[in-house]
Amino acid sequence: MTAKLLAYHQPRLEGIVTVPGDKSISHRAVMFGAIAKGKTTVTGFLHGEDCLSTIDCFRKLGVDIFVDGTNVEINSPGMDGWQEPKEVLYTGNSGTTTRLMLGILAGTNFHSVMTGDASIGKRPMDRVTKPLRQMGALISGREGGKYTPLAIQGTSLKAIDYTMPVASAQVKSAILLAGLKAEGTTIVREKEISRDHTERMLKQFGANIEVKDGVISIEGRQELYGTHIDVPGDISSAAFFLVAGAIVQNSEVVLKNVGINPTRAGIIEVMEQMGANLTINQEKTEAAEPTATITVRTSYLKGTTIEGEIIPRLIDEIPIIALLATQAEGTTIIRDAEELKVKETDRIAAVVTELEKLGADITATDDGMIINGPTSLKGAKLNTYGDHRIGMMAAIASLITDSPVEIDDADCIAVSYPTFFEHLDSLIK
């Protein structure tokens, strides 16, 4: 673990950043390319630790994957040509890899074992294993399959009609991926729409999948075929610079090629609601994933209430939204965000604890937090808890503190944004 001392002395920010490829889409591009027969090429791939864990797992299944920076080529015989792994599949810090792989491995014809790092070992997997077992999956693990390590004995699966108890793109995706190999048509019903990268990309790979009014249907026993995937910039990474540009005085930041998928763009809606000075120029809407160039300038912000259906569309951005709220006039209330408790860490507790160290007026609630602002922030020694998003929040906070901020484990940021500090330094004037 490498501690990092940040002493920016309240700079202004100016410049252009092209954020790395979307993490969720990069994971899926590799997974679906491995499931598909033939060659798949990926451009804009996020060369971060989580996505490299996904590649490592599929290499252990015998899939040929060549990586050249942000370009990836996958040559696969399709699922029926995979080999039983001789080693444990290690998913690192990646919840996406772990949960989606459960759905994929359940329909294979071999045995596999999967585990991750200490953080993954604390994250609940039963939300995935329960519906998969309804399909006939044979999965065992700690506490009845609630926690890793998990052993999966591939078997024949049957389609289910499943109503999602909570919005979760990972759970939904795991069921749909299992449905690809199941007998019959698998149906997933969403009360609140979660990110839809899986549905969009499955269509690109030729899957017969139908999406209408929160109901997703996928036919079983179908093949995918290799294609080309262009990964847009990750809006969850862009969010940190969007907030930085809004809260640092005399700033103007331009973010290029940002994915603005409606199921992910809640951060933009909230910032506009709070009065942020944003300009959005759409670039591609005909592609599977729409993108835009976003310009943000120093803004006068006001508090707001964030709750209900928007929460799944900004769940990963709540740590940086909390920092934004410390600089807004009035009270910001975040509700319905219980999902934060089972992320890389308990993000509600972590965000409140660390922002309090900086002098923020912030209180944790059972399902979110209450923030009063604006507040002048002071320097402090901050704990990332090994969580990349807490680490980046701390770094952005250091731009407006009256004295230096020390981050205990800056290396954890490489999970999703290996060039974060390089890009941050490029903006400082």
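In which order do the four strands of the open sheet with β10 and mixed pairing lie? In this predicted model, the order is β10-β11-β13-β12, and the pairing within this open sheet is mixed. The edges are formed by β10 (161-163) and β12, each of which pairs on one side only, and from one strand to the next the twist averages 10°.

Strand β12, residues 209-212, pairs with strand β13, residues 215-219, in the antiparallel sense, and four bridges join the two. Together β12 and β13 make a hairpin with two residues between them, and in that turn D213 has a positive phi of about 50°. Helix α7, made up of residues 197-204, lies across β12 and β13 and runs at about 140° to β12.

**The sheet with β3 and β14**

A further open sheet of four strands has the order β4-β5-β3-β14, again with mixed pairing. Its edge strands are β4 (64-68) and β14 (228-230), each pairing on one side only, and the twist averages 10° from one strand to the next. Within this sheet, β3 (residues 37-43) pairs with β14 in the parallel sense over three bridges, and V42 has I229 in β14 as its bridge partner. Helix α1, residues 23-35, packs on the sheet and touches β3, β4, β5 (71-77) and β14, its direction making about 25° with that of β5.

| Strand pair | Sense | Bridges |
|---|---|---|
| β12 (residues 209-212) and β13 (residues 215-219) | antiparallel | four |
| β3 (residues 37-43) and β14 | parallel | three |

**The cavity**

Rolling a probe the size of a water molecule over the atoms shows where empty space is left. When the whole structure is searched, one cavity of 30 Å³ or more is found, and the largest cavity holds about 40 Å³ of space. The residues that line the largest cavity are D22, I25, H197, P232, G233, I235, G259, I260, N261, R264 and E289. Sorted by class, this lining comprises four nonpolar, four polar and three charged residues. Among the lining residues are I25 and H197; helix α1 covers residues 23-35, and helix α7 covers residues 197-204.

Notes
Residues numbered from 1 in each chain as written. Predicted model: local features only at pLDDT ≥ 70, side-chain atom pairs only at ≥ 80, totals over all residues. Heavy atoms only, no water. 1 Å grid on protein atoms, 1.4 Å probe; cavity = no way out; pocket = protein on both sides within 12 Å on 5 of 7 lines; lining within 4 Å. Points joined across faces, edges and corners; volume = space filled by probe spheres on them. Nonpolar A, V, L, I, M, F, W, Y, C, P; charged D, E, K, R; others polar. Pairing = 2+ DSSP bridges. Axes fitted to C-alpha atoms, helices over the stretch in contact; angles between N-to-C directions. Contact = heavy atoms within 4.5 Å.
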